Amino acid sequence: MATVAVNGLVSNGGKLQACNSRPCSSSSFLGGERLKLRTFSDSFRPGKFHTSRSKNLVVLASGIDLANFVNDLFVGVGVGLPCTVMECGDIIYRSTLPKSNGLSPTVPGVILALGTLSYLWATPGVAPGFFDMFVLAFVERLFRPTYKKDDFVLGKKLGEGSFGVVYRASLTKNPSAKGDLVVKKATEYGAVEIWMNERVRRACASSCADFLYGFLESSSKKQAEYWLVWRFEGESTLADLIQSKEFPYNVEALILGEVLDLPKGIERENKIIQTIMRQILFALDGLHSTGIVHRDIKPQNIIFSEGSRSFKIIDLGAATDLRVGINYVPKEFLLDPRYAAPEQYIMSTQTPSAPSVPVATALSPVLWQLNLPDRFDIYSAGLIFLQMAFPGLRTDSNLITFNRQLKRCDYDLVAWRDTVEPRANNELRRGFELLDLDGGIGWELLTSMVRYKARQRISAKTALAHPYFDREGLLALSFMQNLRMQYFRATQQDYSEAVTWVIQLMAKSGTERDGGFTEAQLQELRDIQPRKKSAQRNALASALKLQRKIIRTLTESVDELNRRRKSLWWSRWIPREE
Ligand SMILES: Nc1ncnc2c1ncn2[C@@H]1O[C@H](COP(=O)(O)OP(=O)(O)OP(=O)(O)O)[C@@H](O)[C@H]1O
């Protein structure tokens, strides 16, 4: 034991001292100073006890393993406490003393621990990811029922996409429950879809259609065929419902089970649209919180669940799991151009394609924050909001025309409104009226979803806390809600908007005589401002430079690790038909 023969340790009236060849005196060492020892156990070996510098004594011992270091960093047991507190006694008899049961966390240790914990729990969640993959997934596999092809009787075809065919189905063993299941026979992307559905079932089951099982069919076909089984949620997707002339009243009937005996009008329609939007954002928030981005949000992929009387998301074939980088192939995936955000790829094109799993997992919070990939889905959800408010935009051709107009306006909805409103027909005007209810709170939410820059778009979680979803809208906001609203507006501003705002404020502050600026001067300022290198601009430029540098470094390191051929390691987890 190291406690017996450590060089130069002596006891001085119950206080522990350490000396190195020089004679010790209590003033040379203690006198209010603290002895910096690591631990009194195996870290020390005879003859490995070295330095004393001025008043502080630093004890270094060789052979310190990583575990000891981490322990010392986080928990300062016996470190730095004076002997009056610490029951030191004579070091010779140290091992016989009662063990200190008080843990004294160190300040850097606490800061580091908190930082590490927040990093591990930050979206998309490294720590919950490990728990999910190595505990929950494993336990689930042990207990869930398994199926094979012969267990199903396929019925009516529900849909056929590029990557699979969907049927209504029932279990052979239970023919009475006819058509209570949905089976998708999928090709290559089936494996991804099984992975995503299993992840969703464990993390946010209510966001998506109820997934039962998925497996690789084992017959000797050339191409792999994956079978995916869900519970049948209902007959209608949001696409079916918004095509009806009765929309949104047909949804009201579905959600409430009856039609309200109230006069029809934009207030009532607004309430129904609010409910639909809340349900869509709630489902998206569930997905995004667990690190999944859907990438194909559109009314066709939102189904009305008759059981839970709410909208759920389907078709996770294009989704990407950013916790582990699955299906993250930014340049290869085909997006639906009608609903895709202008950035096209959810991650910056500077970010490399699918990093290796440990790297993707470790870096996922950084990559998430740098790219905010969830905002891609938010843009698509914003377009759905628009379609609900403006019946004219519900057809494909009109939506495509709208997208073109918006592009011409640099994806600025306000500019689009300015161009179309003066010559708007009744339908369009009615849509604006609906969004302008309660002080324009609906319009405000819409414009914070449909924006060119992903970073400026609201997240699903923040959108759910938006006053649009408070029952009475803007007019009835409490003081706190108003503050929240102001804060929300402030955080939505970007740099250029802030400059415009300052300029406007200056304009309002008076004329030249009053110390303000004239319009001509302001115009000059507007022209000059961008070229002037203000401190703010410098700071912004440095921040952008730093961001680019971080991304480049990440790219290089990830590419380095990626050179090895990537394997579809996760597809080994997909069950095969027995
Ligand atoms: N759980 C479910 N309950 C009820 N109907 C469903 C369910 N899942 C899918 N459907 C129906 O099947 C149709 C096709 O499903 P899905 O979009 O997942 O298939 P897909 O092959 O990806 O089709 P597409 O490529 O056209 O999107 C949906 O439009 C919906 O009508």
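What percentage of the 578 residues of the protein chain count as buried? The share is 31%, where buried means 20 or more other C-beta atoms, placed from the backbone, within 10 Å of a residue's own. This is a predicted model: local features need pLDDT of at least 70, side-chain atom pairs count only at pLDDT 80 or more, and totals for chains, interfaces and linings use all residues. Residues are numbered from 1 along each chain as its sequence is written.

**View 1. The protein chain and its elements.** Here you can find 20 helices and 13 strands (DSSP runs numbered from the N terminus: helices are H or I with at least four residues, strands are E with at least two). Take contacts between residues at least 6 apart in sequence: 64% of them join residues at least 24 apart (a contact puts two C-beta atoms, placed from the backbone, within 7 Å).

**View 2. The shell around the ligand.** The ligand is surrounded by 21 residues, and the closest are Gly-159, Gly-161, Ala-209, Glu-233 and Asp-315 (C-beta atom, placed from the backbone, within 6 Å). Strands E5 (152–161), E6 (164–171) and E7 (181–186) each supply at least two shell residues, with E5 giving the most, three.

**View 3. A closer look at Lys-185.** Lys-185 is found in strand E7, and an unreviewed UniProt entry annotates Lys-185 as "binding site"; such annotations may be inferred rather than shown by experiment. Lys-185 counts as partly exposed because it has 18 C-beta neighbours inside 10 Å, between the limits of 12 or fewer for exposed and 20 or more for buried. Leaving aside neighbours within four places in sequence, Lys-185 is in contact with Gly-164, Val-165, Glu-225 and Trp-227.
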